[in-house]
Amino acid sequence: MELMFSFTTIENYHAFLKETPDGCLQAVRYYLARIADHASLNAYLEVFSEEAEARAAELDKARQAGAPMEALHGVVIALKDVIAYKGHTLSAGSKMLEGFTSLFNATAVDRLLAEGAIIIGRNNCDEFAMGSTNENSAYGLVRNALDPNRVPGGSSGGSAVAVQADLCMLSLGSDTGGSVRQPADFCGIIGYKPTYGAISRYGLVAYGSSLDQIGIFGKVIEDVARVLAVIGGPDDYDSTALSNKLAINIPSLDPSNIRPPRVAYFREAIAHPSLDPEIRYTLQKFIDTLQQDGAVVEAVPFDLLDFIVPAYYVLSTAEASSNLSRYDGVKYGHQSQTPPESLDAFYKANRSSGFGREVQRRILLGTFVLSAGYYDAYFTKAQQVRKLLVDKTNEVFQGYDALILPTAPTPAFPLGSGSDDPIALYLADIYTVFANLTGLPGISLPLFQHTNGMPFGLQVLSDRGTDSALLQLSFNWLSRYRA
Ligand code: GLN
């Protein structure tokens, strides 16, 4: 039986709940049925069926008893398997953490629950969030719902597909170098990474701590803004969280919001040889359209493009090699069954059999760039590049409201096609890692369609802390230009 439920926005859903005494339960049952029907996509590692139904029934009861609806009352949300949810398995897509149960909630999860959200399950992802295709998960690959033979992107592939295929209302992912924006681009949905520090990282499995942010997948900007307004803000458990909560307005079609923006772009980014010609042409046409509609859109010179990916892979792997040193298999997580001959051999056996190939590659890379003889040649150099990039953003945002870029050089590609060439996959992060290295907020907007049938997005960045304005601009552009 096809259950009758359809979700558009949280606002409409809340209007429906006012009329429907068992509305939350209807919503949860609808998603549970769809998740079961779409199991072959492998977007969920675990579905909290009974728990989600019980929570829905509780929320319905509270509403019937006259309690006011919280900001995310009954909103059905899925979590990438790197976000801690107390009493639930947290595996980071890795065998290393197989069977590990979280002892506490991530701050973001605490805040979701306090505002009435229903957490429906745990999404598949690349192991320790390392990857761009979701083929690095120890629990199998994830398929793109628009073409099951193509990748959904990564590393938050499961969370992107969960929203894309209507298997939840919204989901949380994490973005260290593009892992929310790029899968959103490949799946035809919205993927938003806030300003670094806007959302607490407490309870997020660390990859590269100076780059990591929790991000949000959704189908409409208003809902993404609502979730940000709930989960963002300072947190005593994360010293890198911003000390002031960003004021987030829920975007709307208020004509006073439609001031023509000042937009910058990097000609070098659009001319880059790795960019699919059709994406290049579409972006050039989009720039023309914006100009015709009164926006100021100007090219800003940028000569650092080819340094971004190397700097990112030096810094992110250096941080990862340190962050992942805690997984030794002693107190928790995977333990090798081979009897160890020494303590070192014990660590080695646990880590060699617990971590997958890509994670091992990155730990080795990170250890190498931090080693005494190479520290200055790699790590220090990459920090210097990072500083130049930050300087560049300060210059750009003095004159412009937004910077537009492609999200990825190509649309979603066939499964298996990138797996034998890790460097080629790293290079495909060329457009997304900039925002992480500089701490800027960034969003991928599902505006375009490739002739191969796959969607692709426009990436929009704005200055640190201007997330509310970025979401309003995104709202305006999606309302006006979405095909
Ligand atoms: N593709 C990038 C990487 O593999 C981004 C990962 C991420 O943002 N978590 O590192």
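Which residues are linked with Glu46 in a network of salt bridges? In this predicted model, local features require pLDDT of at least 70 and side-chain atom pairs count only at pLDDT 80 or more, whereas totals for chains, interfaces and linings use all residues. Residues are numbered from 1 along each chain as its sequence is written, and side-chain values rest on heavy atoms, with hydrogens and water left out.

The network joins Glu46 to Asp81 and Arg122, where a salt bridge is defined as a side-chain nitrogen of Lys or Arg within 4 Å of a carboxyl oxygen of Asp or Glu. By this rule the count comes to 13 salt bridges. Between glutamate 46 and arginine 122, the closest N and O atoms are 2.9 Å apart. Because glutamate 46 belongs to strand E1 (residues 44-47) and arginine 122 to strand E3 (residues 118-123), the pair ties together parts that are 76 residues apart in sequence; strands (E, at least two residues) and helices (H or I, at least four) are DSSP runs, numbered from the N terminus. Glutamate 46 is partly exposed at 27% relative accessibility, while arginine 122 is buried at 10%, with buried meaning under 20% relative accessible area, exposed over 50% and partly exposed in between (1.4 Å probe, protein chains only).

Salt bridges also occur within helices. In helix H12 (residues 357-370), arginine 361 and glutamate 358 are three residues apart, about one helical turn, and their side chains meet at 2.9 Å, N to O. Here arginine 361 is partly exposed at 29% relative accessibility, and glutamate 358 is buried at 10%. In helix H13 (residues 375-399), aspartate 391 and lysine 387 lie four residues apart, and the closest N and O atoms of their salt bridge are 3.0 Å apart.
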